[in-house]
Amino acid sequence: MSRAHNFNAGPAALPLEVLEIAQKELTDFNGTGMSIMEHSHRGKAYDAVHAEAVANIGKLLGLTDAYQVLFLQGGASLQFSMVPMNLLGAGQTADYVNSGAWAGKAIKEAKKVGAITVVADTSKDIPTNMPDYSALAYTKGAAYVHVTSNETIAGTQIQQFPKTEAPLVCDMSSDILCRPIDIQNFGLIYAGAQKNLGPSGLTLVVIRKDLIERAPATLGTMLQYRTHAKENSLYNTPPTFGIYILMLVSRWLLAQGGAAGMEKINQAKAAKIYAAIDNSGGYYRGGAVPAFRSTMNITWRLPSEALEEKFIKEATALKMIGLKGHRDVGGCRASVYNACPVESVDALVAFMADFKAKNG
Ligand SMILES: *Cc1c(COP(=O)(O)O)cnc(C)c1O
């Protein structure tokens, strides 16, 4: 078997161990004679999977009784709308930080729902940047503050979350569980699963319970957090196979030492690639301001677009997949999420040195 070095931005690499378990159990889950996909979402077999997924996410994020885990659909993109629909009451405002493309999309959707204040905008900064979150002037009495912990396209990541008076809402799609967080800082966290948690088609929402009931009753039933909270994400048919894979990934994360274990591994992986950039004598140029460099999405440029194209082509031939930067920013990007093995990082770093030696 020959696995690719998968640097895709999302959907992204999954742990090989997880795929192998899923493969083994695919046609006969736990001796039931059918796939977990073929089980009722209200039956015993699936129920145990669902319960373990909720419990493991709770362990990994250090959730207290004050929080609830929800498994939703519609991607992180639907949360751009659901957050303001549920939390931004009539006559209220919310604060948003525009740190890049994903924050910008959240802002665009929130504006359709109500009044928001953009308290900082670094979305046009090159090299890509983030503001000093602790120094921002947040609006007194705001319904919430929305931030994006990791800008997947720009390759920037919040290093220290602010302590805000209003509930902090965070899009953690591309770095959830890459490091420990203090859950008490947050009112609501959401993440599409396809980067750090599992397959696409599943969205994790962690909500502080006092925020669940804020939505107006006139809001569509499926759009209300309370609907899903009341029914433990089983109001309608959830994406059962996605939740099963997320459960396997959560087991794998616990075996890596949880968020703290992952942080050590992720820092070591990212450090190797940033060293390859910084020690290249300017041949590779990092895309992000060093103080906000992401451990998940690492962006860099080569001396010319022609060399970038050659770099990506030759890397692809060596089974290093997904190194082309997002079409909006160009250049190169390596997405090294939790499940990207260190062997893939080592292969990339060796190739970067080799390519520079031949084309420098
Ligand atoms: C990928 C991504 C999204 C979009 O997620 P979907 O699940 O495709 O809607 C939103 N925010 C961030 C930070 C992302 O990386």
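Helices (H or I, at least four residues) and strands (E, at least two) are DSSP runs here, numbered from the N terminus. I worked on a predicted model, where local features need pLDDT of at least 70, side-chain atom pairs count only at pLDDT 80 or more, and totals for chains, interfaces and linings use all residues. Residues are numbered from 1 along each chain as its sequence is written, and side-chain values use heavy atoms, with hydrogens and water left out.

**Entry: the ligand**

The shell has 13 residues, and Ser77, Thr152, Asp171, Gln194 and Lys195 come nearest. Which helix gives the most to this shell? Helix H3, residues 75-87, does, with four residues.

I then sorted the shell by residue class.

Asp171 places a polar side-chain atom 2.6 Å from a nitrogen atom of the ligand. Ala76 uses its backbone: an N or O atom there is 3.0 Å from a ligand oxygen atom. For Gln194, I found a side-chain N or O atom 2.9 Å from an oxygen atom of the ligand. Taken alone, the ligand exposes 390 Å², and the protein buries 87% of that. I note the method: Shrake-Rupley with a 1.4 Å probe; for residues, only the protein chains shown count as cover.

Most residues other than glycine have a negative phi, and most peptide bonds are trans. I checked the exceptions.

The Gly10 to Pro11 bond is cis, with omega near -5 degrees. Pro11 sits in the loop between strand E1 (5-6) and helix H1 (16-25). The Ile126 to Pro127 bond is also cis, omega near -5 degrees. I located Pro127 in the loop between strand E4 (115-121) and strand E5 (145-148).

Leu177 has a positive phi of about 65 degrees. Its loop runs between strand E8 (168-171) and strand E9 (186-192). Is Leu177 buried or exposed? I scored under 20% relative accessible area as buried, over 50% as exposed, and in between as partly exposed (1.4 Å probe, protein chains only). Leu177 is buried, at 3%.

Lys319 has a positive phi near 70 degrees. I placed Lys319 in the loop between helix H8 (305-317) and strand E13 (320-321). Lys319 is partly exposed, with a relative accessible area of 36%.

How values were computed
A residue is near a molecule or strand if one of its heavy atoms lies within 4 Å of it. A polar contact is a pair of N or O atoms within 3.5 Å; within protein, one must be able to donate a hydrogen and the other to accept it, and residues adjacent in sequence count only if both atoms are side-chain atoms.
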